[in-house]
Amino acid sequence: MSTANPSSINQRRTFAIISHPDAGKTTLTEKLLLFGGAIHLAGEVRARGQNRRAKSDWMKIEQQRGISVTSSVMTFERNGITFNLLDTPGHEDFSEDTYRTLTAVDSAVMVIDAAKGIEAQTRKLFEVCRLRDVPIITFINKVDREGRDPFALIDEIADMLALDVAPLNWPVGQGGQFRGLWDLRKSRFTAPDGSDSRSAGATTQMSGLDDPRLADYVPADELAHLQEQAELALGGYSEFDPELYRAGQLTPVLFGSALKDFGVEALIDALAEYAPAPRPQPALPEAVSPDAPLVSGFIFKVQANMNPQHRDRIAFMRIASGKFRRGMKLRQVATGKVIAINSPIFFFAQDREIADEAFPGDIIGIPNHGVLRVGDSLVEGPNDITFTGIPNFAPEILRRVKLGDPTKSKQLRTALTDMAEEGVTQLFRPMIGSQWIVGVVGQLQLEVLISRLGAEYNVAAGFEPSPFDTARWISAEDPAALKTFIDTNRGAIAEDRDGAPVFLARDQWELNYTEQREKAVKFTATRERA
Ligand code: G4P
């Protein structure tokens, strides 16, 4: 049974891991779950001990329909704190999905490979976090291998990300000479367990770097070097200030090895001790405090059923306020529709057959037939609340879809509409002409789209170039100005899936030119669901 008091908002940490592929996100995720005693291991699901009865809703849905929701939200508990770890897709294409997942967390862990430092994807994801002041703990991974100088790595973080850094621990040696980790603030030493595996062993509380017991682990000359480095590490960087960290201005840095278990517990402890509990969520007319009594939340991700026999999908809702109970009726603010949520998926339902409640910071999965969309706000009670900052991005690739079999055009439309609702692709209906245009942010999404059209909708399709290269949502303070612009550019105007007008430009030059000429019209690269 859960030991945490679930109603205590302060006992929750909802976070994501950001990293460049291969830095060790998967390995670290597994270790976090292992140390946290969760039942989901390495992407598969195991009931704790022999007790196979511990199946929660999502497991049943997975088994029946063959979908994989396991890895999207992972929950573990440690020392009375519930951790909700939201997975971000691991591929290199910058995806909207990743961006939106980061809108649903209160903090992030940035994993960096000690041999590589900051890589392209780390940087992009970091920028997304910065947009929302998401606080970040840095985990410099793979210290069991030969890597770069720790000072060089920390300086790179400070310089490239323009962020204050505060090392919390320090690697003693690297690669073959790796001796263990020194906790700079708590004067603790974590040594390997002595076997060939070099996994983390005992952590010993020392009186300081002059504690004679350190000689058991570190040869005298290396100890002198460590004393020097520790002094520089503490004196040369910012003091660790948890407030600055929570404001997104400073990152505490932990060295470790996910593979060999070094630094993993220290990371969990740092999350528990310093990472923010559920924060107020930006919304109109005003930010929603987690303490607000009525339930509210927003959909940040929709995952379609991978089984073509079933068209339903799971919408992932982050609870922003209130105490959610199974069977509750929530109102979709955009449409006014009231939805009874009778079979929500509770990801934290570790030991319980059925969970009935969820709290701010938790994620629930809502099975539905395409009614719920990414960006939707759901509320209890009469007040309209619209959560903000969950945008659609202007696509960077526009294509027309070419049908293998022209009699399948109806199925194609259904499929494209479904996938646009899911947020996989965007769909534009030109004012002139009948061929719809599909827009995606990255190449990978095109491949996913084509394979899913075949697998789920039995529609053989390919792409052909669209005459347009880029799209912008258009608006104007003066409705007449917008109408005039639309009327005079009908060949380049389309509607998105919500009916919002979009300007399609042949290339960047044309877009710039039009933007400069049409001062009364506003061209935007992102749009939020109203
Ligand atoms: P990702 O999800 O960020 O893409 O990275 P992942 O965890 O899959 O790790 C990428 C590779 O780095 C894996 O090796 C993994 O074993 C290794 N790795 C992760 N953490 C550490 C660490 O702390 N120390 C060392 N030495 N290696 C680490 P691989 O050879 O690609 O895969 P595998 O064959 O080991 O599974």
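Biologist: What makes 44% of the 530 residues of the protein chain count as buried?

Modeller: A residue is called buried if 20 or more other C-beta atoms lie within 10 Å of its own, exposed if 12 or fewer, and partly exposed in between, with C-beta atoms placed from the backbone. Of the 530 residues of the protein chain, 44% count as buried. Please keep in mind that this is a predicted model, where local features need pLDDT of at least 70, side-chain atom pairs count only at pLDDT 80 or more, and totals for chains, interfaces and linings use all residues. Residues are numbered from 1 along each chain as its sequence is written.

Biologist: How do you know which contacts in the protein chain join residues at least 24 apart?

Modeller: Two residues are in contact if their C-beta atoms, placed from the backbone, lie within 7 Å. Among such contacts between residues at least 6 apart in sequence, 72% join residues at least 24 apart.

Biologist: How many helices and strands does the protein chain have?

Modeller: There are 12 helices and 34 strands. Both are DSSP runs, numbered from the N terminus: helices are H or I with at least four residues, strands are E with at least two.

Biologist: What makes β1 and β5 a pair?

Modeller: Two strands pair if DSSP finds at least two bridges between them. Strand β1 (residues 12–19) and strand β5 (residues 81–86) are joined by five bridges and run parallel, so they meet that definition. Arg12, for instance, has Thr82 in β5 as its bridge partner.

Biologist: Why are β4 and β8 said to stand at the edges?

Modeller: The open sheet has seven strands in the order β4-β5-β1-β6-β7-β13-β8, with mixed pairing. β4 (73–78) and β8 (164–167) each have a single partner strand, so one side of each is left without a neighbour in the sheet. Neighbouring strands here are turned by 30° against each other on average, direction ignored. Helix α5 (residues 150–161) packs on this sheet, touching β7 (136–141), β8 and β13 (250–255). The direction of α5 makes about 150° with that of β8; axes are lines fitted to C-alpha atoms, for helices over the stretch in contact, and angles run from 0 to 180 degrees between N-to-C directions.

Biologist: What makes β10 and β11 partners too?

Modeller: Three bridges join β10 (residues 180–183) to β11 (residues 188–192), and these strands run antiparallel. Trp182 stands opposite Phe189 in β11. Their hairpin has four residues between the strands, and Ser187 takes a positive phi near 50° there.
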